[in-house]
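Dear colleague,

I am handing over the structure we discussed, with the sequence alongside. Please have it open while you read the notes that follow.

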Amino acid sequence: MSMKALIVEEFGDSSKLQYADVAKPVPAEGEVLVKNQICGLNYLDVMIRQGLLPLAILGGKLPVTVGVEAAGTVEKLGDKVKTLAVGDRVAYTVIGSKAHAEFSTLPASRLVKIPDKISFEQAATAMIQGMTAHYLVHTTGRVQPGTKVLVHAAAGGTGTLLCQAAKNAGAYVIGTCSTKDKAKKAKEAGADEVILYKEKDFVDEVKRITEGKGVNVIYDGIGKSTFSKGFDCLAKQGIMVSFGVISGTPDPIPLSTLAKGSFSVSRPSLYDHIETDEDLKWRSSTVFDWILKDKVKFGDFTVLPLSDGKSAYELLESGKSTGKILMKP
């Protein structure tokens with residue numbers, strides 16, 4: 001049997017994406033066949049399409065079905081699966097899971113059950129962006145009441161969640177974004193101050209807002225264009241958290257830069273923070289709890305058909321979107 005999926009036969013830009021027929025997968029022992037109801041789109045997917053990840057973890061050869069995140073229903077159980085049942089609502093993020101397709105097979109242990117009151121759209125968003133906000137705030141940044149944080153791209157999908165999670169942890173939140181409309185979204189997400197970086201230098205503004213003391217944590221998902229400058233507005237013993245490279249890989253920095261204020265740099269990955277089944281269940285259940293208790297809002301979605309995946313990828317890469325981009329098989 002066949003199904004529809006987004007594939008690449010050669011790596012490159014969005015023109016390399018194809019909506020094509022591929023073989024429908026069959027669950028092996030310990031695996032589950034999931035009928036994907038909604039597929040999440042992330043910059044990691046762009047990196048996969050561009051060929052920036054090792055081919056070995058994507059199946060070992062081309063063509064590759066792209067996608068690492070989705071939510072759906074259990075369609076079929078492989079042998080020895082006891083923890084799930086056909087019809088269960090589940091979500092996942094697994095590199096190499098071929099999530100941008102009608103169906104995917106996953107190890108049962110890497111699936112999380114979706115609470116009844118949470119939508120597939122919310123669940124898919126919780127996987128990468130939600131759990132990323134969780135570990136960046138509570139593990140990497142160690143945010144607590146009184147912590148001052150700077151969130152770049154504060155109106156984006158991850159940015160708005162970072163603002164909300166940091167604010168809930170007691171932080172004073174400064175965001176950066178490009179337009180007044182995006183500034184409004186960042187404010188709605190909890191940012192105390194928003195800097196329009198096209199109009200004002202974010203370093204000067206952070207110094208003004210913090211009375212020259214700087215921020216304790218910088219969450220930089222932008223990369224090359226913001227990373228090096230950020231150290232000029234980081235407080236003593238501050239943490240520079242580089243978790244994305246939208247504008248390109250940052251230039252190397254000398255150790256002398258860190259010595260200026262006993263700074264730390266972190267280049268963390270979500271998958272290192274959900275490597276064990278226990279951590280996956282803990283972080284995902286906490287994010288689901290945030291949603292259920294209305295501590296964070298996961299409602300700003302742009303949903304396109306999977307058949308128009310090329311447009312979805314281009315929208316993400318344009319930097320013009322806010323919130324989460326999703327695709328529906």
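Pro 25, in this predicted model, is in contact with Met 3, Leu 33, Phe 103, Ser 104 and Thr 105, once its neighbours within four places in sequence are left aside. The residue is found in the loop between S2 and S3, and it counts as partly exposed, because its relative accessibility is 21% and buried would require under 20%. For a sense of distance across the chain, the C-alpha atoms of Pro 25 and Ala 154 are separated by 38 Å, the two residues being 129 residues apart along the chain.

Val 34 lies in strand S3, which covers residues 31-40, and with a relative accessible area of 0% this valine is buried. Its contacts, not counting residues up to four places away in sequence, are Gly 72, Thr 73, Glu 75, Val 90, Tyr 92, Glu 102, Phe 103, Ser 104, Leu 106 and Leu 111. Between Val 34 and His 273, which are 239 residues apart in sequence, the C-alpha to C-alpha distance is 24 Å.

Turning to the helices, the axes of H1 (residues 43-50) and H10 (residues 309-318) come within 10 Å and cross at roughly 115°, which makes H1 roughly perpendicular to H10. The crossing in which H1 passes H10 is left-handed. On the H1 side the contact is made by Tyr 43, Asp 45, Val 46, Arg 49 and Gln 50, and on the H10 side by Tyr 313, Leu 316 and Glu 317; by class, the contact has four nonpolar, one polar and three charged residues.

Which residues of H10 are buried? They are Gly 309, Ala 312, Tyr 313 and Leu 316, and because they cover an arc of only 95° around the axis, they are on the same side of H10. After H10 comes Gly 319, whose phi is positive, near 75°.

A second pair of helices, H2 (residues 120-140) and H9 (residues 277-292), pack at an angle of about 105° with their axes 9 Å apart, which makes H2 roughly perpendicular to H9. From H2, the residues involved are Gln 122, Ala 123, Ala 126, Met 127, Gly 130, Met 131, His 134, Tyr 135, His 138 and Thr 139, and they meet Leu 280, Trp 282, Arg 283, Ser 284, Thr 286, Val 287, Phe 288, Trp 290 and Ile 291 from H9. Divided by class, the residues of this contact are eleven nonpolar, seven polar and one charged.

Finally, Glu 205 lies in helix H5 (residues 202-209), where this glutamate is buried, with a relative accessible area of 12%. Not counting residues up to four places away in sequence, Glu 205 touches Ile 195 and Lys 200. The C-alpha atoms of Glu 205 and Val 194, eleven residues apart along the chain, are separated by 9.4 Å.

Key. Residues numbered from 1 in each chain as written. Predicted model: local features only at pLDDT ≥ 70, side-chain atom pairs only at ≥ 80, totals over all residues. Heavy atoms only, no water. Axes fitted to C-alpha atoms, helices over the stretch in contact; angles between N-to-C directions. Helix = DSSP H or I, 4+ residues; strand = E, 2+ residues; numbered from the N terminus. Parallel < 35°, antiparallel > 145°, perpendicular 65-115°, else oblique. Left-handed = near helix turned anticlockwise from the far one by under 90°. Contact = heavy atoms within 4.5 Å. Nonpolar A, V, L, I, M, F, W, Y, C, P; charged D, E, K, R; others polar. Buried < 20%, exposed > 50% of the residue type's maximum accessible area, 1.4 Å probe, protein only. Arc of directions from axis to C-beta.
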